[in-house]
Amino acid sequence: MRIARMHLNESPFEPSKHISSLLSKYVNTLNLYHVEELEEEFLKKLSSYTKLPREYIHIFPGSSEALITLIRFCRSRGLRLTSIWPSFHGFVEFANMEEANLDFIYLTPESFELDLAKLAVAGSYSRAIYLANPNNPTSNMLFQDVDTLELLLNRFGLVIVDEAYFEFSRYTVADRVSDYDNLIVVRTFSKAFSIAGARVGYTIANQELSEELSRYTALFSTSTASIASALGALEDVEYAMEVVRKVIELRDELKRDVEKLGLYSLDSRTNFLFIKTPILGRDLARNLGEKGIRVRAYSDDLIKNYLRVSVSSRENNLRFIEALKILLREHY
Ligand SMILES: Cc1ncc(COP(=O)(O)O)c(C=O)c1O
């Protein structure tokens, strides 16, 4: 059975062809721990892509690893961790792995928006707050205004903004890191740049914070092959932007098809949809899984009637819609 991978928010498009030439250029250097000239070139390119000085950027083997490092950093600084909820499940798992306590600030039910009054009350300089913007799994923006950002920065000791889906939302707070010493932005090459398997992510923070963070990471942890892949992807940024354009088109098509089935999904600024289901998402996900379509469902009470569905090829998206239509008719 062909498997439709609609559960991990991967890119449905293959990586840029340009990456293979970069990989072959550096393959003969793999006897070395690192290649300075490649790292320099990559940082230079990333600095011009982000429009920020290279001293603000730190490279990680995947943004997950950046988040794990940030959790360690907060623990050693005595900062208590807080996450918005529902949010990126990985962050909870990483906090558990690191045996770090994690508190939650809940989004408003159904609309999944930030509750500013709750944020203001929970804020404290001894706390770090994590939020993904746009949010995963809800797919919407949590904020797009300066006032909310300032509220966060003025109330919390550290504000970690995960912009994994920045290329889809086009909203960033990275340009504010030079104004604040308690803001860290986390990004990834796994989504818009279509190289999840290369494992490359990065943080953006002011120089001092960036340098401090680097003390919590092992030397040479991002491999030459990963950096060469990411450099290849950045050198062909037009390809990534074309991928983003196509994914957004497919996403909006999928949303219309979901609505034709009488179901509701939030307005997505990502490469996935968050769909409200008339029955338990887990049951639907299991049934879809039996038909070779993998999607994400949750046991958490707040979101147990939702599915998170990654935008895939048109063929897979239609397969999902057809299977969902039959399941809703047959079983529920
Ligand atoms: C919000 C968010 N942050 C981080 C990640 C992890 O990405 P990476 O592949 O860079 O580890 C994901 C992956 O789905 C995500 O949705």
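Two strands are taken to pair if DSSP finds at least two bridges between them, and helices (H or I, at least four residues) and strands (E, at least two) are DSSP runs numbered from the N terminus. In this predicted model, local features need pLDDT of at least 70 and side-chain atom pairs count only at pLDDT 80 or more, whereas totals for chains, interfaces and linings use all residues. Residues are numbered from 1 along each chain as its sequence is written, and side-chain values use heavy atoms, with hydrogens and water left out.

Strand S7 (residues 183–188) is joined to S8 by four bridges and runs antiparallel to it, with Val-185 standing opposite Ile-204 in S8. Strand S2 (residues 57–60) is likewise joined to S8 by four bridges, also antiparallel, and here Ile-59 stands opposite Tyr-202. Within S8 (residues 201–204), Gly-201 and Thr-203 point one way and Tyr-202 and Ile-204 the other way, yet all are buried (under 20% relative accessible area, with exposed meaning over 50% and partly exposed in between, for a 1.4 Å probe and protein chains only).

## Helix H2

The buried residues of helix H2 are Leu-38, Phe-42, Leu-43, Leu-46, Ser-47, Tyr-49 and Thr-50. Because they cover an arc of only 165° around the axis, they lie on the same side of H2, the arc being that of the directions from the helix axis to the C-beta atoms. The face turned away from this buried side carries the exposed residues Glu-36, Glu-37 and Ser-48.

The 15 residues of H2 (residues 36–50) should span 21 Å at 1.5 Å a residue, which agrees with the 21 Å between its end C-alpha atoms; the expected span is 1.5 Å times one less than the number of residues. Lys-51, which follows H2, has a positive phi, near 60°.

## Packing of H3 and H8

The axes of helix H3 (residues 63–77) and helix H8 (residues 207–214) come within 10 Å and cross at roughly 100°, where axes are lines fitted to C-alpha atoms, for helices over the stretch in contact, and angles run from 0 to 180 degrees between N-to-C directions. H3 is therefore roughly perpendicular to H8 (65 to 115 degrees; under 35 counts as roughly parallel, over 145 as roughly antiparallel and the rest as oblique). Thr-69, Leu-70, Phe-73 and Arg-77 of H3 make the contact with Leu-209, Glu-212 and Leu-213 of H8, contact meaning heavy atoms within 4.5 Å.
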